[in-house]
Amino acid sequence: MGLGITNIIIVSRYETKLLVRGWFFKVFAFLALLASVILGSIYILSPNQQPQMVNRSVIPYMFMLVMNVGQAVVSVFLASEYLKRDKQLDTSEVFYTRPLSNAEYLIGKMWATLKVFFILDFVVALIALVMSLIKYGFDLDYLSYIWYFLLLSVPTLVFIVGLSTTLMLLLNNQAITMVILLAYIGVTLFYIDNVYYYLFDYIGFNLPMLKSVITGFSGLSRLINHRMCYLLLGIGLILTDVSLFHRLANSRYSLLPWRIAAVVFLLGGLFAGYRHVRLYKVDERYRADMVELDNRYVNVGGAVVDSCMLYISQEGDSLSIRADLKVRPKQEASQLVFTLNPGFNVGSISAAGHSMKYERLMHLIILSFDNTLGAGEPVNIIMEYGGEADDRICFLDISKDKMLENTKALSMLNVGKRYMFQDKDYTLLTPESYWYPRPGVAFSDRSPEWQLSYFTDFVVNVTPNPGLTPISQGLCTANADSTQYTFKPESSLPSVSLIIGDYTPKSITVDSTMYTVWELGSWDDQFEVFDSIRDTVPYIIRDRRRNMEYQADMEYPFKRFSFVEVPAQFTSYKRVWTSVYEQLQPEMALVHERGFDMNVFQFRNMKRSWSGRNNWNRRNNNMSEKEILVNILNNSVSFMMQSGNMSGSNRNGQWTMTQVDNPYYYRPLFYNFRYNVYSSDWPMANRMVESMTGTNQNLGNDWMRRMNGLSEDEKALILMGKYDFDRIMSDPEWEDLADNALALKTQDFFAPVSAAVGFESLVDSISAKTREREFENVSFDSILDWVQSYSGISLKEKIQAWNQPARLACYKIGNPVITTVTTDTAEIYQAEVAVENISDNPGYINVEFVFYEMENAGDEDKPKSMVLSINPHETRRIVTHWFNTPSYIRINTMLSSNLPHDVNLNNSDWSTYEGTELTAEGIYPVRGGVDNTLPGEIIIDNEDSELFSLSRPLRTGYLSKWIDKAKEKKNEFIYEGFSDWRTYSQWTLVTDQNLYGDYIRSAYLISPGDGSQYARWSVPLTVAGVYDVYYYASPNMYDNNNRNRRWNNNNNWNNNNNNGRRVTNDYNFEIEQFNMSDNVSMNMFRADEGWNLLGSFRFEADTVRVTLNNRSGIRIIVADAIRLVKRDNSR
Amino acid sequence: MSISIKGLSHYYPNGKRALTDINLEIPSGMFGLLGPNGAGKSTLMRILVTLMEPSEGQIDVCGYDIRTQRKEVRRILGYLPQDFRFFAKYKVREFLEYAAALSGMTNSSERGKAVDSMLEQVGLYEVRDRYAQNLSGGMKRRLGIAQALIHKPKVLVVDEPTTGLDPEERIRFRNLLSEASSKDTTIILSTHIVGDISSSCTEMAMLNQGQVMFRGSPAGMLKETEGNVWRLKVTNEQYAEINQKYAVISTIPHGLGWDIQVVAKSMPGYDAVSYPPNLEHAYVYFMEVKDKD
């Protein structure tokens, strides 16, 4: 097997010449260098810096990742190319007859391929390095250049070169090899993603690889194991190629050692792959076991911890902790259950100086008492434990799929996820890591009992490793030589966190609240920007705080607030049972290193950007530097006032917009860390009261609804009508809807009281009640008792039905009427609207009369809002008086099947009358229901499953059919989003308030075509006569662009369709009875909103068929409703 | 004896027999391997240069077993394949250096000298920096022989080297081979061009359908052919008749008829006179006449 290095070097040297002289490589190298320069110009040299660039390892990561994808593809070509060349040219045989071995020859060739890419990598890295030096000076992460080369480039290239050579040798056909490999690369890049925990991601495109400035890579050993898998497989394949190579070996047995080595390396690679999956599987099993254990103990030994004193001593990587707990059992109990991080070993547990019997089961500690403790009977317990915490306990309630979802920075770099950190240099333990014993279990999918939390008096004493500084909640005092620190919060808290690192504080005290930025390195250079407005900073902080307090309608409850710099990988998840993210802790917000991924913390960038904008607008708006800095600081603090932002995603092939929470949204600081409403029967109570009293920010509701087809409330309602509430709250598929479902459920729960006393009054009352009990545990029963005493309505029995699917009502809403009555003193506008509950379920609606601008209102007009109950098949009419006409009436149908769920009735569509008498303001019963139809009128809507029909969709391919079928199966929501630019290849059901419908305002859409697709309304007539036939048009909804254009086209605007046939902007109808038909066209540019007359026809007493086909020049064909109105006395 | 071949047979995977029981002793010097296309020459060559493993038989090359001691055989082997093209992106000198380096000439300065000397020898020094693909056909063939000779092999196998060359290049090429053979090198020249053998080989074998038809010297081959070559003058009708029955190898118009040369054991009934054979006659004799009744 003796390997002649000299021969390998010779072969590689001359093969390299061939490779680099080939056009293919030249073009790739040029593109790679060009891409590097462009990438560098955009991300490094550009004055508008992405916030992620504060982490200098991002640069080599990004460059190497982009390079790696390119070279993975190109190396396939090159590796297969040299074998193809060998095959084609007899010239190769003059080399085959030389005394070098097969291994030397093949390895030499492959090394040549690897070498040229490695050199190219080096050049690309050098470009990145030089650009970085120019931009950032010497503050770079030099080591990361080597790390990313070793982790990304080397395994990828070795693997792909080995694989492509093997395939080429086996298949003996370059074209087939290329197709297979490129398909493989495509699949790994675009489809496989995190399947089997990124096992198949040989390029490393999706692997979490960001290197934190503070703590380095997340899960480095797993990362190395994964990369070793491909490196070993690659080497194994290369060694296999030695045996597969079509040339007689130098001697009969000379291949045997290579075969053995190939098997060893391949097995090694497979083992690394197996180990990779197994590590995750073991973790999952461990987490599942923890949940199972939790389920067993969820209802055992619940307790409230009144006080918790923690003595923490950091010893290298390890922590040694003593917890002195003052505990009260919630019920009579002989056992108490606590959760403590399973990585910690419990040394001893004692009560009143005596050792206690306890069982340590994974993360649980089950304490057994000799005597049964009475409910509320206090007991002092001391626990001593230590070791290294295990992050597998974190987020037991979060699905593995969710946890494996990528967190991408700059749309390509996978940051990775960590929930806690503990090593000798840096520690971050939030309550989620259960770093101190907390009563009850960590999670249960059988009972919600685990969600309950209570306020506790904490004291945290910390002795950190030398040179490190601890951070926790409360007033911090240190001993003389700063080796021991004590944190004493001024009030009880729901939880405490522990952070230890080489932190430096930057503090300012404003109005007796201390504001601190805890930074670990060079973050402070960003804050230096504000040095010139140092004197103004307190005013800005005060102003922002007041603003926040005004918005929250409550004061900030703590004496300090800190931004604490934490590693970039630190993350947490949205939970159904709380609105708090781990990024927010009492008194502090944990911000990623140097403000990584957060624009608001890149003060230097912002200053540059503002100054640039200022120069641009100099003539209009010339701001001083001070003003600019004030604006920047204002903006930066304001980011906590945004509850979230919009994010688009492609789910099940459909583009949907979702609201992504801002984990730093300020509200938990004001509410959740201050108030706690608990109920053992109803753990959602706290969240519910929070939802009731909080301001709900709905971002972009209208256009989001338009994009998604349904609003999140409507989706939640559809689910609530079908499933148990617990199911909706626990299914990860619907986690985005959980908040909506909860808010709707809460709204409905309190609706009887809202109807009786008014919604705002109810909210004020509950808020006042909870505010009486700051930092205390308040029982939900006491809130309900208070509500009952206040309104006379008991809500307790409603809890019984809480989990059952909601009984949704359906409402038919009448056309509002405005009657102008001139009295002696003024002109009064009487606005009224009638609503009919056409279902068998009782329900509530909220009716608001709104002015767009209050300046439009009369002097004494105030917006009116009322909640009213409507029983099954009952109709109620709401009458109001105004000095000016309200802009619109908004009806929120609460727990209903109405689509849209919120209906805005604009005053331009109201019926107006002159009147002489006013009806008193109030809510009146109406006999006979809401009838928006005229006598002799028949309306057929698209929701009519019997009388409305559609043509079969045009589908030819099996794949399309299969995809459609798959989509149907997955989608709970049949209504789709609507957008002007989308093509609708088949009839698509959408809803919009501009459309016609009883309680579901929907229509089918299709893009124009050859006329073969059609919608048909079959109208059964019982009386012969002359009928006016109308079509319901909603140009406001779907045809904004075309509508604008029509004003510029007085004449019918024509164009050609794809077949060159002349088409118009007409909708083409066929009106048919007894095989006699009339074709009618309607110019949609001239159509009005609502009913449009198609013509008058004489019909017999039989079915009339109105058919709309899809031949038109207009962008979209809408099939909504048809109306036939019989002319008086016609026969 | 430089190369010894005993009982060599080779079958292709489809069962077709390429070589049948070949027994040859090949001494130093230029050895010609003559035979028509498909006779098995190239298969024999490829087996000799270790590109193929024979199905049966024993081959020793300068004392090394070609099955078990390939590395040793490859050290002393030079090979110029029939269809010799080039990797497009090598220059003449680079290509020769690569070949030299792979043959064990690891010392770069010595290798450089050897390469330059070889380039001088084959007359390519002036074009040493030209890409090999841009050479003329004759130059390419000379570069081919240069790579085969660069490491001074003991055995040189040359497959159909003169095909497609103009007469001048052919002579030049033969001279290069003759020069090499004078340095105690065994050269096996495989060809179907009789002239290549006659002008340069002292020993030869003739292959047909995978079997050795003749083994000896070109002179011996001529001697065996003597008395089997005839010259006669015939009319058109006679010519047509003779052409059906015998191997006619030369026809020259003569008056109203033809002056022809025929290879046959006898020509009864015609006015034929015996004619002194050349190698071409001998080739036809062995291919078509000798073993026929």
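Trainee: How many residues of chain A are in contact with chain B?

Mentor: Two residues are in contact if their C-beta atoms, placed from the backbone, lie within 7 Å. Here, 24 residues of chain A are in contact with 29 residues of chain B. The model is a predicted one, in which local features need pLDDT of at least 70 and side-chain atom pairs count only at pLDDT 80 or more, while totals for chains, interfaces and linings use all residues. Residues are numbered from 1 along each chain as its sequence is written, and chains are lettered from A and ligands numbered from 1 in the order in which they are written.

Trainee: Which element gives the largest share of the side of chain A that touches chain B?

Mentor: Helices (H or I, at least four residues) and strands (E, at least two) are DSSP runs, numbered from the N terminus. On this side of chain A, α1(A) provides the largest share, seven residues.

Trainee: Is helix α10 of chain B enclosed or open?

Mentor: A residue is buried if 20 or more other C-beta atoms lie within 10 Å of its own, exposed if 12 or fewer, and partly exposed in between, with C-beta atoms placed from the backbone. In α10 (residues 279-289) of chain B, eight of the 11 residues are buried, so this helix is largely enclosed by the rest of the structure. Among them are B:Leu279, B:Tyr283 and B:Phe286.

Trainee: What is the mean pLDDT of chain B?

Mentor: pLDDT is the predictor's confidence in each residue, from 0 to 100. For chain B the mean is 88, and 98% of its residues reach 70 or more. The model scores ipTM 0.89 and pTM 0.83.
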